[in-house]
Amino acid sequence: PAGRSPLPLASLSQVLRLERSRRIGIVFPLQKLERYLLPGADTAPFRLFQPGLAALQRAETLFRSSRDHVIDYVSSAVRMDHAPALTLPEVCFIGRSNVGKSSLIRALFSLSPEVEVRVSKTPGHTKKMNFFKVGKYFTLVDMPGYGYRAPQDFVEMVEAYLQERRNLKRTFLLVDGVVGLQKTDHIAVEMLEEFGIPYVMVLTKIDRAPRGLLLKNVLGIQDFVKEKAQGCFPQLFLVSSLEFSGVHLLRCFLAHVTGNLPTVEAS
């Protein structure tokens, strides 16, 4: 609702007030897991995208609306000929029903509380492609969930979008951090690989996964990406929409892949 206050830790300045280990755990949740790896384990995929503070702060300004920088829901579409004709760089979020897509998008936009992202307790609530415009910088698309209660024309809708959307810069495939890759996720991966679409895997709900289970899922997916995937960015992104873990880093990566953060210096 309009006037809703941003949640604690939604802003980087709030995170920076925390003690160091908690701060790193929220901004770089993979690094928090890294210390539990066996000696000699390959840590390269844990640190491929590691922006410094300046880049994180610049990215955050894109997600903070103002009079001159409006973040807003644009429209919804069930078919490509209903999709808004936008020329801005675009990213889309896909994943199983109830994986937490809308909750994550709401967390990303939490510094602009007037942006309405509907989050339902009922799986499969998103039945259309929902388009959000981030000022003059990029567009974010919330796609219908696949699997349980997916719209009947899901395949036609999503395949058409992925193949026809020329301004699509990156697809974010959301995977439940508690259950890991499921059969339906493998089908989504096959589709992205077949179409040659560059994509990123995001593990959601990491606050609900015990550390050992989360590490097991992370390593399993990393091995899968290394062996079977061509178009997937080798680093996973871990997020909790509830605790804001990984949200600041994901904002930075979104700014980067849409060309709005050309140089990302390492911390």
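**Reading the sheet and its helices**

Trainee: I've got this predicted model open. Which strand does β5 (residues 168–176) pair with through six bridges?

Mentor: Strands of a sheet pair through backbone hydrogen bonds, either parallel or antiparallel. Here, six bridges tie β5 to β6, and the two run parallel. For a spot to look at, find L173, which sits opposite M201 in β6.

Trainee: And what joins β6 to β7 (residues 237–238)?

Mentor: Two bridges, again with the strands running parallel. L203 faces L238 of β7 there. To get from β6 to β7 the chain goes through helix α8 (residues 211–228), in a right-handed β-α-β crossover.

Trainee: Is β6 itself buried or exposed?

Mentor: Six of the six residues of β6 (residues 199–204) are buried, so the strand is largely enclosed by the rest of the structure. Check both faces: Y199, M201 and L203 point one way, V200, V202 and T204 the other, and all are buried.

Trainee: Now zoom out for me. What is the strand order in the open sheet?

Mentor: Seven strands, ordered β1-β3-β4-β2-β5-β6-β7, with mixed pairing. The edges are β1 (71–77) and β7; each has a single partner strand, so one side of each has no neighbour in the sheet. Elsewhere, β2 (residues 90–95) and β4 (residues 138–142) run parallel and are joined by four bridges, with V91 opposite L140 in β4.

Trainee: Which strands does α9 touch?

Mentor: Helix α9 packs on the sheet against β2, β5, β6 and β7, and its direction makes about 155° with that of β5.

Trainee: How about helix against helix? What describes a packed pair?

Mentor: Two packed helices are described by the angle between their axes and the distance between the axes. The crossing of α6 past α7 is right-handed. Contact comes from V158, E159, L162 and Q163 on α6, and from M191, L192 and F195 on α7.

Conventions
Residues numbered from 1 in each chain as written. Predicted model: local features only at pLDDT ≥ 70, side-chain atom pairs only at ≥ 80, totals over all residues. Heavy atoms only, no water. Buried < 20%, exposed > 50% of the residue type's maximum accessible area, 1.4 Å probe, protein only. Pairing = 2+ DSSP bridges. Right-handed = clockwise from strand over helix to strand, strands pointing away. Left-handed = near helix turned anticlockwise from the far one by under 90°. Contact = heavy atoms within 4.5 Å. Axes fitted to C-alpha atoms, helices over the stretch in contact; angles between N-to-C directions.
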